[in-house]
Amino acid sequence: MAVSTRAVSRAAAGEPAAGKYDTGEAMCPYRLVLEHVTSRWGVLVLIELLDRPHRFSELRRAIGRVSEKMLTQTLQTLERDGLVHRDAKPVIPPRVDYSLTGLGREAAEQVRALADWTTDRMDDVEKARLTYDEARASRTRAS
């Protein structure tokens with residue numbers, strides 16, 4: 001991650017450096033993009049659009065259980081971040097296709113890798129949860 005000019009200015013002024021995950025103004029844009037990409041619906045939209053462009057209704061069906069409002073908001077947010085391209089064709093009835101930009105494809109591949117990892121490692125996660133819950137229950141009974 002590149003160092004911002006604001007961070008350099010703060011250092012030159014003798015101000016303490018912001019932490020890597022500081023929630024202050026300097027990190028806000030990075031954190032917001034991360035939230036958009038990893039949001040509940042953002043992840044699913046990005047992964048689904050990796051295969052091919054989709055119309056709104058196709059995307060909604062493919063994702064499932066997402067309201068029109070939430071899908072619209074998610075697509076608009078990802079479009080604003082430069083990850084999704086909205087192609088509105090001037091026909092009747094109107095046709096709108098959504099696809100990934102180059103930046104969006106890069107992000108989607110990263111998100112899909114994480115999703116694949118969770119699928120591959122879910123048994124280990126379940127075992128860890130069980131071990132944790134059993135240990136916690138034993139401590140509670142011993143108290």
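These legends describe close-up views of one predicted protein model.

The model is predicted, so local features are given only at pLDDT of at least 70 and side-chain atom pairs only at pLDDT 80 or more, while totals for chains, interfaces and linings use all residues. Residues are numbered from 1 along each chain as its sequence is written, and side-chain values use heavy atoms, with hydrogens and water left out.

**View 1. The whole chain, as a guide to the close-ups.** The protein chain has 6 helices and 3 strands. Helices (H or I, at least four residues) and strands (E, at least two) are DSSP runs, numbered from the N terminus. Along the sequence they follow the pattern α-α-α-β-α-α-β-β-α. The chain has 143 residues, and 21% of them count as buried. Buried means under 20% relative accessible area, exposed means over 50%, and partly exposed lies in between (1.4 Å probe, protein chains only). Contact means heavy atoms within 4.5 Å. Among contacts between residues at least 6 apart in sequence, 44% join residues at least 24 apart.

View 2. Helix α5 covers residues 68-80. Its 13 residues should span 18 Å at 1.5 Å a residue, and its end C-alpha atoms are 18 Å apart, which agrees. The expected span is 1.5 Å times one less than the number of residues. Which residues of α5 are buried? They are L71, T74, L75 and L78. These four cover an arc of only 95° around the axis, which puts them on the same side of α5. The arc is that of the directions from the helix axis to the C-beta atoms. An α-helix has 3.6 residues a turn, so residues three or four places apart point the same way. The face turned away from the buried side carries the exposed residues K69 and R80. What covers the buried residues includes α2 (28-38), α3 (40-51), α4 (56-63), β2 (84-89) and β3 (95-100). After α5 comes G82, whose phi is positive, near 85°.

View 3. L78 is found in helix α5. L78 is buried, with a relative accessible area of 1%. Leaving aside residues up to four places away in sequence, L78 touches H36, G42, V45, L46, L83 and V84. L78 and H36 are 42 residues apart in sequence, yet 6.9 Å apart in space, C-alpha to C-alpha. T74 is also found in α5. T74 counts as buried at 9% relative accessibility.

**View 4. Where α3 meets α5.** The axes of α3 and α5 come within 10 Å and cross at roughly 70°. That makes α3 roughly perpendicular to α5. Axes are lines fitted to C-alpha atoms, for helices over the stretch in contact, and angles run from 0 to 180 degrees between N-to-C directions. Angles of 65 to 115 degrees count as roughly perpendicular, under 35 as roughly parallel, over 145 as roughly antiparallel and the rest as oblique. On α3 the contact is made by W41, G42, V45 and L46, and on α5 by M70, L71, T74, L75 and L78. These residues divide into 7 nonpolar, 2 polar and no charged. Ala, Val, Leu, Ile, Met, Phe, Trp, Tyr, Cys and Pro count as nonpolar, Asp, Glu, Lys and Arg as charged, and the others, Gly among them, as polar.

**View 5. Where α2 meets α3.** α2 and α3 pack at an angle of about 65°, with their axes 5 Å apart. That makes α2 roughly perpendicular to α3. H36, V37 and T38 of α2 meet R40, G42, V43 and L46 of α3. The contact residues divide into 3 nonpolar, 3 polar and 1 charged.

**View 6. Where α3 meets α6.** Helix α6 covers residues 102-142. The axes of α3 and α6 come within 9 Å and cross at roughly 110°. The two helices are therefore roughly perpendicular to each other. V43, L46, I47, L49, L50 and D51 in α3 meet G104, R105, A108, E109, V111, R112 and A115 in α6. By class, this contact has 8 nonpolar, 1 polar and 4 charged residues.

**View 7. Backbone details in two loops.** R65 lies in the loop between α4 and α5. R65 has a positive phi of about 55° although it is not a glycine. At 75% relative accessibility, R65 counts as exposed. P93 is found in the loop between β2 and β3. The peptide bond from I92 to P93 is cis, with omega near -5°.
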